[in-house]
Amino acid sequence: MTVTQPMPSVYFKSPDVAGYPDVPFEEKQRLFDEVKSDIRYKDYLYGCYECGICVAACPSARFYDFSPRRIAQASAREDVELVYQQMQEDIWECSQCFSCLRCPRGNNPGGIITIMREVAVNNGLASAKEALAGYSRIIYKIMSTGTQVSPDMLQRDAFPDWGPETGDVSENLDLWRRALPSETLHTTSTGWEVSERTLVELYLIWLTTGALDMIAEIDRSLHSILSELMEELLEDEGIEI
Ligand code: SF4
Ligand code: SF4
């Protein structure tokens, strides 16, 4: 791994100022070890030339105080304090576009961020809870119906930037939906029709892959609502877990 100069202290903010709790060094080390133990990690980081190509390609670096180079360097230098700070702040600025894959060293800063985000969620870090708070409704919608934004959510007031035709469409939504060629799309309160069997299968996938445990870490009440809902469905289907 390339050895580079220490990171300037200008990048550090006190956790109190930044708005997340400080934790003992051992806990920060544990979190970093969890990132490094991910099977993908060794393929995402090979050191850093400090060439800045990833920064030039990164759309988030253009609009935020964010740099994929800093992400790669902090991990390459095993800078436990900075990695913790990045997990509480920087990683949520990334749009996961993977333009940084053009790194000449073969690094994947966006991929390292994916792992860091997963560790942040799995450990219920404050940054993960804050970043994902706005998605509770969408998670609920996906997991309870098997689809995401439903047509009846597309109202003029909710989406003013979609133009005046949104209102006209929503007034005759039923008709518009029935005009669609596929029968599973003739729905208004869901994106398309999903059978209970498919919902159960999706739920079992989320359960066995740990997606539901991740939700429990960031939003306990959402997790209990979904669990109750699905328990009923599983019972109806005669499935015992
Ligand atoms: S994946 Fe993230 S870090 Fe990489 S270029 Fe896109 S926004 Fe930047
Ligand atoms: S493109 Fe790769 S080598 Fe260059 S600064 Fe970014 S991570 Fe480092």
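Biologist: Which residues surround ligand 1?
Modeller: In this predicted model, ligand 1 is surrounded by C58, S60, F66, P68, C94, S95, Q96, C97, F98, S99, C100 and G110. A residue is near a molecule if one of its heavy atoms lies within 4 Å of it.

Biologist: How does that shell divide into nonpolar, polar and charged?
Modeller: The shell around ligand 1 has seven nonpolar, five polar and no charged residues. Ala, Val, Leu, Ile, Met, Phe, Trp, Tyr, Cys and Pro count as nonpolar, Asp, Glu, Lys and Arg as charged, and the others, Gly among them, as polar.

Biologist: OK, and ligand 2, which residues come nearest there?
Modeller: C48, Y49, C51, C54 and C103 come nearest, out of 13 residues around ligand 2. Helix 4 (53–57) and helix 6 (68–76) are the elements that give two or more residues to that shell.

Biologist: And how does the shell around ligand 2 divide?
Modeller: Into eight nonpolar, two polar and three charged residues.

Biologist: Switching topic: how many helices and strands does the protein have?
Modeller: 15 helices and zero strands. Helices (H or I, at least four residues) and strands (E, at least two) are DSSP runs, numbered from the N terminus.

Biologist: Let's look at helix 10. Which of its residues are buried?
Modeller: In helix 10 (residues 136–145), S136, K141, M143, S144 and T145 are buried, meaning under 20% relative accessible area (1.4 Å probe, protein chains only).

Biologist: What do they pack against?
Modeller: Helix 9 (126–132), helix 13 (196–208), helix 14 (211–218) and helix 15 (220–236).

Biologist: At what angle do helix 10 and helix 15 pack?
Modeller: About 10 degrees, with their axes 11 Å apart. Axes are lines fitted to C-alpha atoms, for helices over the stretch in contact, and angles run from 0 to 180 degrees between N-to-C directions. That angle makes helix 10 roughly parallel to helix 15, a label for angles under 35 degrees.

Biologist: Which residues meet there?
Modeller: From helix 10, S136, I139, Y140, M143 and S144 meet L222, I225, L226, L229 and M230 of helix 15; contact means heavy atoms within 4.5 Å. The residues of this contact divide into eight nonpolar, two polar and no charged.

Biologist: What comes just after helix 10?
Modeller: G146, with a positive phi of about 80 degrees.

Conventions
Residues are numbered from 1 along each chain as its sequence is written. Chains are lettered from A and ligands numbered from 1 in the order in which they are written. This is a predicted model: local features need pLDDT of at least 70, side-chain atom pairs count only at pLDDT 80 or more; totals for chains, interfaces and linings use all residues. Side-chain values use heavy atoms; hydrogens and water are left out. Buried means under 20% relative accessible area, exposed over 50%, partly exposed in between (1.4 Å probe, protein chains only). Angles under 35 degrees count as roughly parallel, over 145 as roughly antiparallel, 65 to 115 as roughly perpendicular and the rest as oblique.
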